[in-house]
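Subject: Structure handover

Hello,

Here is the structure for you to look through. My notes on it follow below.

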Amino acid sequence: METETFEGDIIPYTFSSSDISSSRSAEDIVAGMTLREKIGQLLFISANGNFKHEDSNDYRDLIGKISDHNIGGVMFFGGDIYGQAHLTNRLQKNSELPLLISQDMEFGAAMRVRGSTYITPAMGVAATGNPENAYLKGQLTATEARALGVHQVYAPVVDINNNPGNPIINVRSFSENPDMVSEYAGEFFRGIESEGLIATAKHFPGHGDTDMDSHVSMPTIPHELSRLDSLELKPFRALIDQGVPSIMTAHISFPALSLHDNLPGTLDAAVVNSLLRDSLDFQGLVVTDAMDMHGITNNFSPGDAAVRAINAGADVILLPPDMITAIDEIERSVERGRLDESRIDEAAERIIGWKLKLGLFEDRYVDIDNLTNQVRSPQHEQIAEQIARESITLLRNRGDIVPIRASRYPRIQVITLADDRSGSTGNSFARAVRSYHPDVGFRIFDRRTHPDDVEAMIRDAQRADLVILGSYIRVRTSQSIQLSREQRQFLSRLQNVNTPTALVSFGNPYVFEDFPDADIHLSAWSTASSQVQAATDALFGASEIGGKLPIGIPGLYDKGDGIEIPQSILREDKSEIAGFDSQKLRKIESTINQAIRDSVFPGASVAVARNGILAYHESFGYHDYTKRRKVNKTDMYDVASITKVAATTLAAMKLVDEGELSLDDKVADFLTDFEESPRDEITIKHLLNHTSGLPAFRTYVDEITERQALLEAIRSEELENDPGEKYTYSDLGFILLGNIIEDVTGESLHRYLTRNFYYPLGMQWTMFNPLHRSRNYANRTPPTENDTIYRNKEIRGEVHDERAYYLGGVAGHAGLFSTAQNLSIFSHLLLNEGTYAGRNYISPETIEKFTELQDTPGHRALGFDLKSKDGFTTAGQLTGERTFGHLGFTGTSLWIDPDENLSIILLSNRTFPNRSYGSDINQIRAEIADIVMKSLEQQDGLEIADK
């Protein structure tokens, strides 16, 4: 790195900020300051970024230190976005010289600032295997830091985590490998640098190989220089060569380098001046680690420590425990000759030089109005969530438990292992698991846990089909990173329970050593919500798993280990992830809301999925026009004729796949009523593509209301034309097909589909006859009509179609209830070649056969409708030519575009209060489809937008 110089004659003057402009050099400015003013510039004090009343003691203390002692900077700890930004401006206003604002942001700004973007810890970033993620992390962090008025970021950590027992570095390090640390830390630095901020590499000359926390005491690293040079120093050297502007020192003793026993590196000239400045030729800004840590205060007074640090080569004295004492002692040391004033000048010039370079003399204030478009933007969250997903590392998957399926593990017990007493640790994990599984128990094992609770956990584990343990043992100052003795004893007992177990680490990855026999080992690196969600998605197959371990875990895993599993189920996520412009996609809302105002329907639910992502899923309006019950996303709509594809055709596809049914099978082989010509020529294929010759519709139920009699009437219908001669969309054909499927399978259509598809697919809200299940289920189904002819009541929780109703609510043409999300799962199954959650349900060949255009009358596939070739189409004008799906009379539609790998689902009850309503439903269907297609955008990768 080139040494920074500030040219110009030194012109002494009486210090005043009004005299300073960017045209003056740092040397000029420092030359005009008194000794005590110069000393003040070297000291950085702490502040919490919360709102403070101007008369509060905290605020008055801060203002006093800044205005009375010319303090050089402030390091912010915990706070919130507006609290910190507002306080920054108030502090800057009361400071003669602009303050250099700094902050720990190893995990993004959210490490300290509530409401900003959290980003995966360094080790998790390295686990992604993509150095660009380190760059994006640095760039995103710096973008938000700059918006918050932060100028210096205390990151990256370039310590090598080569000691599994290290209590304070752990996941804060990128790796145990110096080359990997160098590469990822270098990319992070480049990201910080791209936004014009100061990155700080820490903790020189290395804090990785310790088993003590320097916040508590002073560790010692006994290695010789040759060892340090080949390992610990490599990342520092690499970043110095790359131009890193600042380095933070460690409060660790290095006896092999020092002339003094028990002298921490921060205070040791042999470490800072000789090794860092001279040998490694670093001429940038040297910052001490916090001087109030016990690694310093246990052995040195505040004043003595500050003097020693400056003499050793430090420029910034970070968080002196007694600021005034430190200033006084530094001043006395200069006056008595213990400390040369030129050393003070050198340090002050570096600090002020950076203030000039950052333009703080022209503008030191936070633009409060700019925070709303710079901090935690949807794009920032998208980048952070992408890194979180890519970081998830699966190290063991015994028995191929992952992806977890409810059909294989009907009951799950989640137990979190926590190192606190909050009683809430892991709640978010349990909620996330429940979003994928219908039967999940949850318990917490923390410091409050009683032995009776432990016995209950063991009993729960015995009853469960799978136990998922979430380890919340985090890396925190002055705390152990190991499970407690009681927790280890519990795990030992759990090994004797004959239930498969999964251990997910939301922190220290070495925790796997405490439960080496778990069937699943999954590392998620952090307790942050984004990591918890990413881990849960991975467990259930909702996101790809590809992380590789950047460290070794003794006796278990080597660096580079990691099992890869592709995404296999639908995941609800941001629309941008699926390649949509979310603003354009939101036009669906105005279309649906206008339709509600126009009484096309009282309410609706819409889902749009693409590339395995449920990108849009919203509910609108109310169950009916009384507007007393809002539509929820889990409300089940009567999907009417979508039953034909999501039930009957689906079952037929499986039976064809298994050889239990053939498209060329004659209906007469199953129904003796069809043995006479020309009815004996009707095949299963004819029923599927509506060319059987059967009429489209008959009322029947004005005279027949008994199931068997109704079926006999349908079977007795005369053909309107010969089979295969003409296309006539017919409910009757699908009623017969449903009947045939029941004969072939030996069980009801409902039971067959639930057992083979809906339950294992996780389509728990897809069913026939919700009212037969319970009144609660029925209440979650919007009504479809006020029937004044046949049933004389409001139709809710039972099928709208009269023929299906008198057939018992289960029929091949109608009767199915579902949600938009559940139908998105069905669509994904078809788009994903018949595979879901790692299990194949239907062969790709069968799906292709059933969804392609048939060489028969009518523009149809088998069971499925196809987008019309010409003129108006409810699939919209912009979907692909191969788009297939179906409509439902109650106001539902399902369209699947295989070319774009997307599905568009609209569910409504447009037939309420009677079927004369909702005449504009087709226009709404088409408009939504076109909005979806217009929302597609091409993305060449994620980058932070230009400011």
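**Strand β14**

Strand β14 (residues 501-505) is largely enclosed by the rest of the structure, because five of its five residues are buried. Buried means under 20% relative accessible area, with exposed over 50% and partly exposed in between (1.4 Å probe, protein chains only). Helices (H or I, at least four residues) and strands (E, at least two) are DSSP runs, numbered from the N terminus.

This is a predicted model, in which local features need pLDDT of at least 70 and side-chain atom pairs count only at pLDDT 80 or more, while totals for chains, interfaces and linings use all residues. Residues are numbered from 1 along each chain as its sequence is written, and side-chain values use heavy atoms, with hydrogens and water left out.

In a regular strand the side chains alternate between the two faces of the sheet. In β14, Thr 501, Leu 503 and Ser 505 point one way, and Ala 502 and Val 504 point the other way. Two strands pair if DSSP finds at least two bridges between them. Strand β13 (residues 466-472) runs parallel to β14 and is joined to it by five bridges, with Val 467 opposite Thr 501. Strand β15 (residues 520-523) also pairs with β14 in the parallel sense, over four bridges; here Leu 503 stands opposite His 521.

**Asp 315**

Asp 315 sits in the loop between α12 (302-312) and β9 (317-318). Its relative accessible area is 0%, so Asp 315 is buried. Its side chain makes a polar contact of 2.8 Å with that of Arg 343. A polar contact is a pair of N or O atoms within 3.5 Å; within protein, one must be able to donate a hydrogen and the other to accept it, and residues adjacent in sequence count only if both atoms are side-chain atoms.

**The largest pocket**

A pocket is an open set of points on a 1 Å grid over the protein atoms alone, with protein on both sides within 12 Å along at least five of seven lines; lining residues have an atom within 4 Å of a point. The largest pocket has a lining of 49 residues, and Ser 435, Tyr 436, Gln 533, Asp 537 and Glu 572 lie nearest its centre. Among the elements that each supply at least two lining residues are α15 (378-391) and β18 (613-621), but α19 gives the most, with five.

Regards

Key
1 Å grid on protein atoms, 1.4 Å probe; cavity = no way out; pocket = protein on both sides within 12 Å on 5 of 7 lines; lining within 4 Å.
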